[in-house]
Amino acid sequence: MALASLKLYENNYPENFKVAFIINTPSFFHCLFNMFKPLLSENTCERLKIYGNSGWKEAILEHIDADLLPVTYGGTRTDPDGDPSCPSLVKVINPIPKELYLKNMNTLSEDDENVRKIAVGPRSKCSIHLKVDVPGSTVGWQVECPRYDIKMYLVYAEGTRREMVAKPVTVSCDFGSETGCYLAERTGIYSLVLDNSYSIFRAKQILCKVYVTAYTSKISHVFKTVLSENNNS
């Protein structure tokens, strides 16, 4: 099916490049490429030029004039400041700073007294219970799974009846912490469920912060003011 789809795509959607040079490849790259070569059309394979550490500069000059090609790639062109790599012409993607990694943002600290550290065993669940005394209060959470992943959802309990009020989401270590909230229109007990029942052997260490923000007349006044402004606009 994959091979048929690839051939269908190649036959009906023209490619935009005339030739592509893959340079500075390791010695084993040719072996890997030969494994996938049958999946590509002959026309596509002819456009791919693969080189190791040598020979590619001369090959590129057969397609691009030397005065248009940066010195770094075998030509004679430089930037006005003499830079042979011509960053004004060739945009190189710089590494993303680690502090901007999503998994390093909005992280919870074990030193925070409001953060709980919970161990959820394999094929197990753990519930954090929150009591809501005032209708219209907000139930909020921030959950982080430093390694692997875990499912979580919010349940409302009324007597023996349990109702899922927030759909399950998967908290992954690749995407930092999961932050959310729910408007609790009913009083009672709400439970944030950490579900590791799908994991047969692996336990999960979870960091989480939960809270209930009570609905007040001051908040009600703000809502009414915003609603009034929206109606008048």
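Reader: Among contacts between residues at least 6 apart in sequence, what share joins residues at least 24 apart?

Author: That share is 70%. Keep in mind that this is a predicted model. The chain has five helices and ten strands, and 26% of its 233 residues are buried.

Reader: Why is the pair of Phe 21 and Tyr 51 called stacked?

Author: Ring centres have to lie within 6.5 Å to pair, and planes under 30 degrees apart count as stacked. Phe 21 and Tyr 51 sit 6.3 Å apart centre to centre, with 25° between the planes, so they get the label. Phe 21 belongs to strand E1 and Tyr 51 to the loop between strand E2 and helix H4, so the pair ties together parts 30 residues apart in sequence.

Reader: And what makes the pair of Tyr 182 and Tyr 190 tilted?

Author: Stacked needs under 30 degrees and edge-to-face over 60, with the rest tilted. Tyr 182 and Tyr 190 have 50° between their planes, so tilted it is.

Reader: How do you know whether Tyr 182 and Tyr 190 are buried or partly exposed?

Author: Buried means under 20% relative accessible area. Tyr 190 comes in at 0%, so it's buried, while Tyr 182, at 21%, counts as partly exposed.

Reader: Why does Glu 144 have no salt bridge?

Author: A salt bridge needs the two charged groups within 4 Å. For Glu 144, the nearest side chain of opposite charge is Lys 209, 9.8 Å away, so there is none. The Glu 144 side chain does reach the backbone nitrogen of Leu 108 at 2.7 Å.

Technical notes. Residues are numbered from 1 along each chain as its sequence is written. This is a predicted model: local features need pLDDT of at least 70, side-chain atom pairs count only at pLDDT 80 or more; totals for chains, interfaces and linings use all residues. Side-chain values use heavy atoms; hydrogens and water are left out. Buried means under 20% relative accessible area, exposed over 50%, partly exposed in between (1.4 Å probe, protein chains only). Lys and Arg count as positive and Asp and Glu as negative; His and the chain ends are not counted. A polar contact is a pair of N or O atoms within 3.5 Å; within protein, one must be able to donate a hydrogen and the other to accept it, and residues adjacent in sequence count only if both atoms are side-chain atoms. Helices (H or I, at least four residues) and strands (E, at least two) are DSSP runs, numbered from the N terminus. Contact means heavy atoms within 4.5 Å. Rings of Phe, Tyr and Trp (its six-membered ring) pair if their centres lie within 6.5 Å; planes under 30 degrees apart count as stacked, over 60 as edge-to-face and the rest as tilted.
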